[in-house]
Amino acid sequence: MFMIILSPSLQSFHPAEAIRSSPLLTKTKINRFSFRKSSPFRNSDQCSSIPISGEQNSTVCDPFLVHIAITLDFEYLRGSIAAVNSILQRSLCPNSIFFHFIISNAKNSNLESLVESTFPELKFKVYSFNPEIVKNLISTSLRQALEQPLNYARNYLAEILEDCVNRVIYLDSDLVVVDDISKLWSYNLDSRVIGVPEYCHANFSNYFTTSFWSNTRLAGTFKGRRPCYFNTGVMVLDLFKWRKENYTKRIEKWMEIQKSDRIYELGSLPPFLLVFAGHVAPIEHRWNQHGLGGDNVRGNCRDLHPGPVSLLHWSGSAKPWFRLDSKRPCPLDSLWAQYDLYGHSYS
């Protein structure tokens, strides 16, 4: 367990503060990335009873694997590599983890060889996500980064991954895990389709436009529910239930309404809130200490929520690798730097 106690200065911000901004990093050719090879990892003796089918020979359908889905693209590649490294270093049974990497079509195909060279023993598979699937459903957002098609791949995990994968942890690329990921994997979702930390102190109405709340038919979707804000960067998903009830279509329906009625401003989050808010399995806040990238305007330094920490998440406009490279880091960025495998040090 990783413990940090700081003053609770992290506050929810109004989505209207967000602005459209250009990506902080233009897409860079793969040969400009240089990552150090990760430290060796292996299961502890306590994992010896877990019947994983060999070191490198486990198939994606092995029922004893922990499944994690993360997107890979050039802009956030450094963050994704650090996230994977943190999971492996903190896991009691790293050889029992299978990573599902989602890329945008085949143009990023060289990313597979980069992952192999950085994590030679890693169990993983790369999946191609076709941007055309979602292109006509994406509406303009207050942050241009939120309009990228790969940002919506989380909506389609039930279709992208093999049918034998009935549960998966979805993680954003701008985070590090400082606890054993199997603890998150083992949460009981009961009858729910997703498990997330909820933040009921946030003003939920701010995540939708005035036109949404003034439309009785649309606003009525929350009738009989106690909806709370949650962040979609850390989710435990029951893909069996998702497929059975076709939740992908439910999310797409709200994206279609958004195209004509403009009912929200912030990318892929609001459709999840519309479908699931008030109907989630609650997970401890320690598993998504989010907002460390500051708000969507200034990216100011922020402290953690009070309490124990299992996952640190740099959601917001500023990412730790940019601040570290610019020699203007926030205090908590040093915790991310411990897992950075990019080919230089900060000394």
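Glu162 and Lys125 join their side chains in a salt bridge, with N and O 2.5 Å apart. Glu162 sits in the loop between α4 (157–160) and β4 (167–171), and Lys125 in strand β3 (residues 123–129), so this pair ties together parts that are 37 residues apart in sequence. The model is predicted. Its salt bridges come to 14. Side chains of opposite charge can pair when their charged atoms come close.

**Glu162 and Lys125**
- Glu162 is buried, at 18% relative accessibility. The cut-off for buried is under 20%.
- Lys125 is partly exposed, with a relative accessible area of 35%.

**Lys183 and Asp179**
- A salt bridge links Lys183 to Asp179. Their closest N and O atoms are 3.0 Å apart.
- Lys183 is partly exposed, at 40% relative accessibility.
- Asp179 has a relative accessible area of 6%, so Asp179 counts as buried.

**Glu265 and Arg262**
- The side chains of Glu265 and Arg262 also form a salt bridge. The N to O distance is 2.6 Å.
- Glu265 has a relative accessible area of 24% and is partly exposed.
- Arg262 is partly exposed too, at 28% relative accessibility.

**A network**
- Arg78, Asp325 and Asp340 belong to one network. Salt bridges with shared partners join these residues.

Terms used:
Residues numbered from 1 in each chain as written. Predicted model: local features only at pLDDT ≥ 70, side-chain atom pairs only at ≥ 80, totals over all residues. Heavy atoms only, no water. Salt bridge = Lys/Arg side-chain N within 4 Å of Asp/Glu carboxyl O. Helix = DSSP H or I, 4+ residues; strand = E, 2+ residues; numbered from the N terminus. Buried < 20%, exposed > 50% of the residue type's maximum accessible area, 1.4 Å probe, protein only.
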